[in-house]
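Please walk me through this structure in the viewer. Tell me what to select at each stop and what is found there.

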Protein chains: 2
Amino acid sequence: MDNEVHRIPASRLKDLCLQVFSRMGMTDEDGRLTAEVLLSADLRGIDSHGVARLGFYVNGMRNGVMLPRGEALVVTETPSTALIDAGGGMGVPVSVRAMRMAIEKARQVGMGWVNVRNSNHYGIAGYYAMMALEHDFIGISMTNSAVFVVPTFGRDSMLGTNPIALAAPALHERPFVLDMATSVVPFGKLETYNRLGKSLPPGWAIDENGNPTSDPATVIEHARAGSFRGGLAPLGGTGEENGGHKGYGLVLLVDILCGVLPGALYANLMYPKTEEGHPLPSGIGHTFAALRIDAIRPVDEFKASMDDLQRRLKDAPKAEGQDRIYIHGEKEFEEAERRMRDGIPLNPKVYTDLKKIASELDVPFD
Amino acid sequence: MDNEVHRIPASRLKDLCLQVFSRMGMTDEDGRLTAEVLLSADLRGIDSHGVARLGFYVNGMRNGVMLPRGEALVVTETPSTALIDAGGGMGVPVSVRAMRMAIEKARQVGMGWVNVRNSNHYGIAGYYAMMALEHDFIGISMTNSAVFVVPTFGRDSMLGTNPIALAAPALHERPFVLDMATSVVPFGKLETYNRLGKSLPPGWAIDENGNPTSDPATVIEHARAGSFRGGLAPLGGTGEENGGHKGYGLVLLVDILCGVLPGALYANLMYPKTEEGHPLPSGIGHTFAALRIDAIRPVDEFKASMDDLQRRLKDAPKAEGQDRIYIHGEKEFEEAERRMRDGIPLNPKVYTDLKKIASELDVPFD
């Protein structure tokens, strides 16, 4: 394995995804949507949710955990809400359609709210929230997800890292795009620290006895063994002193809206396994919402205020040693411009994995 | 001033509020709603938002900053959304009506979303979210609020402590009621530490140079002087290491939905003052939303899953030294039972303030 970082044009990686998804039996349209969401993560610098996940999706389809052609059905519907059963299919295509439905409902009655159940990993939450922007709507997206988070005062992982995303347009400034896990950090960050032999900052992780720990190795070991002992702290850290109970509350909020409400799996029921340890369908659920801005206030006025809000923050005095105050989404938009120009940097492991997938499926990639 | 904690029955404090609000010129109905929300905070143990605020409301009405009979008007409306201009009136009555409207819209089209602008302090966010519970709906409430929060990498207070509340019913278990400021702690907590001569835990506050500080005194001094130098960190603390940028994102999310969207004030425009330092109307805004659970899934199934979710968490293994994992709202429901039975404990300062208000307005209270 070489040690080089490979820079590959987004279009070439997208091509690879399209062909891989086609080989796995997805329709052209579903493959296109899924490739689009993966590449959107890679462009925005969210490497953990881009083509680095291609193997995860391929394995999911191979194991029968994700159906390449799952049949999504609308279960219930009102003028402003709907519930879709994803039929155990891939997470992205049903999510794009659910968000489109939320947007259409918002267009008709002001606000749209669509839940999805019986789904799978849907990529970056922010993608769906951002779908609302071209319509001058506010977009919201949430999902429950793999179990890594320990509740306040607990010792076992019981909940997902459950992200929340909200996007709102601006006029001359960039849109506001918040896309955040409700855990203090993603699990991948523990793996990075472990690889570098670094201690974790206080408040990130919890050991098998429920105590704060600075050692990523044992937490990772337990997770890999499929035990739920120890895990990540919610946003706000361990205990209540720095508001860990608030982060735990946000994790639960997402689990209630995405898991309990649509009748999806939730808490430590998600990502179940057979007694032999084989993965079963993840059973997760999602929430998509869209709000028509001009149902509340003229869009131009709203956007002008969004610009003003952003400029106030950017022009505010900086902390010593800092030269910039950021708006959420800003770093990612800038990264997308760079990566669109210079290509997507793939670390050697991801590059090797993609070569392997391509070769196994007899798809050209070099 | 005596040093005793006075325990007073909720009904007597409510009576006091009713008479005070009547003297200030509020209608009986508006006074009743406002007293109800204040006492609900006192019962639930959120002392900072109960009768301790009565003087703040009385002063607001005396200064002309809050109109006792502000005229609220529906500005825009769609089947699922509305915008109400509160006309500079008291925050509570318009908020109760806005939440009722959101609930009615949810009943009719599945989901309701109502914004309020040109309003004032509305008490505890959780009250409005909880109004949805008796209808078996999910309730959401948010507001922007007085400027105490420093954005990540900033040095000045630029944003409110902007709370988020969500309530969802359960079957045999208590409802889930999340009601959280998006700052790491409320400003009042700095005052408590200052009074006790204690140092602040790391990550709570930021000094006038934008550095983390453990000294509450100077932060409080700047706030009292009406300068915006230093302030509270968002949930996640100072900097980005523990996710302070996520908390900052949640603060902004609330400011966008409650301030920018309805055309209310936002960021450091809120709670403006004249050049001489006299307060002007706060100009804040709120968001209320209701979601009909049975638009998505049968209510009984939803509630049974809520019970199961709660029991899974409560029965999960505890951290060393802990004997309980809480669900949000649980502590407050238990406190409300105690206080309904034993009375509301008032510290000497609050008790003295109430006596003074009563005496000034010629209302019996002893």
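## Stop 1: two domains in chain A

Select chain A and colour its two domains. Taken over C-alpha atoms, the centres of domain 1 of chain A and domain 2 of chain A are 22 Å apart. Bear in mind that this is a predicted model. The domain assignment gives domain 1 as 1-62 + 343-366 and domain 2 as 63-296.

Now show the contact between them. Domain 1 of chain A puts in 19 residues, and domain 2 of chain A puts in 15 residues. On the domain 1 side, helix 2 (28-44) and helix 3 (54-62) of chain A each supply at least two residues. Which helix gives the largest share of that side? Helix 2 of chain A does, with 7 residues. Colour the domain 1 side by class: 9 residues are nonpolar, 8 are polar and 2 are charged.

## Stop 2: a buried strand

Stay in chain A and select strand 4, residues 111-119. Is this strand enclosed or open? Of its 9 residues, 9 are buried, so strand 4 of chain A is largely enclosed by the rest of the structure.

## Stop 3

Select A267(A). This residue lies in the loop between helix 8 (244-260) and strand 13 (284-292) of chain A. Check its backbone angle: phi is positive, about 45°, although A267(A) is not a glycine. Most residues other than glycine have a negative phi.

Is A267(A) buried or exposed? It counts as buried, because 24 C-beta neighbours lie inside 10 Å and the cut-off is 20 or more.

Jump to A267(B). It is found in the loop between helix 8 and strand 13 of chain B. Phi of A267(B) is near 45°, again a positive value in a residue other than glycine. A267(B) counts as buried, with 24 C-beta neighbours inside 10 Å.

## Stop 4: where the chains meet

Show both chains and select the contact between them. On this surface, 68 residues of chain B are in contact with 68 residues of chain A. Several elements of chain B each supply at least two residues to the side that touches chain A. Among them are strand 3 (81-85), strand 4 (111-119), strand 8 (164-168) and strand 9 (176-180). Helix 8 (244-260) and helix 9 (299-315) of chain B also belong to that list.

Which element of chain B gives the largest share? Select helix 9 of chain B, which gives 7 residues. By class, the side of chain B that touches chain A holds 37 nonpolar, 21 polar and 10 charged residues.

## Stop 5: the symmetry

Superpose chain B on chain A. A rotation of 180° with 0.0 Å of shift along its axis does this, with an RMSD of 0.0 Å. That is the relation of a two-fold axis. To find the axis from chain B, select G236(B): its C-alpha is the nearest in chain B, 2.4 Å from the axis. The same surface serves both copies, and 100% of the contact residues of chain B recur in chain A.

## Stop 6: the nonpolar core

Select the largest nonpolar core, which has 244 residues. In soluble globular proteins, nonpolar side chains tend to be buried together. Which members touch the most others? They are A102(A) and A102(B).

Centre on A102(B). Leaving aside residues up to four places away in sequence, A102(B) touches G112(B), W113(B), V114(B), F288(B), A289(B) and A290(B).

## Stop 7: two buried residues in chain B

Select T287(B) in strand 13 (residues 284-292) of chain B. T287(B) is buried, with 27 other C-beta atoms within 10 Å. Not counting residues up to four places away in sequence, it touches N115(B), S141(B), M142(B), L257(B) and C258(B).

Finish at L354(B), in helix 11 (residues 348-360) of chain B. L354(B) counts as buried, with 23 C-beta neighbours inside 10 Å. Residues up to four places away in sequence aside, L354(B) touches L16(B), V51(B), L54(B) and F365(B). L354(B) and G55(B) are 299 residues apart along the chain, yet their C-alpha atoms are separated by 7.6 Å.

Terms used: Residues numbered from 1 in each chain as written. Chains lettered and ligands numbered in written order. Predicted model: local features only at pLDDT ≥ 70, side-chain atom pairs only at ≥ 80, totals over all residues. Contact = placed C-beta atoms within 7 Å. Helix = DSSP H or I, 4+ residues; strand = E, 2+ residues; numbered from the N terminus. Nonpolar A, V, L, I, M, F, W, Y, C, P; charged D, E, K, R; others polar. Core = buried A, V, L, I, M, F, W, Y, C linked by C-beta atoms within 7 Å. Buried ≥ 20, exposed ≤ 12 C-beta atoms within 10 Å, placed from the backbone. Least-squares fit on C-alpha atoms with pLDDT ≥ 70 in both. Domains from an automatic or database assignment.
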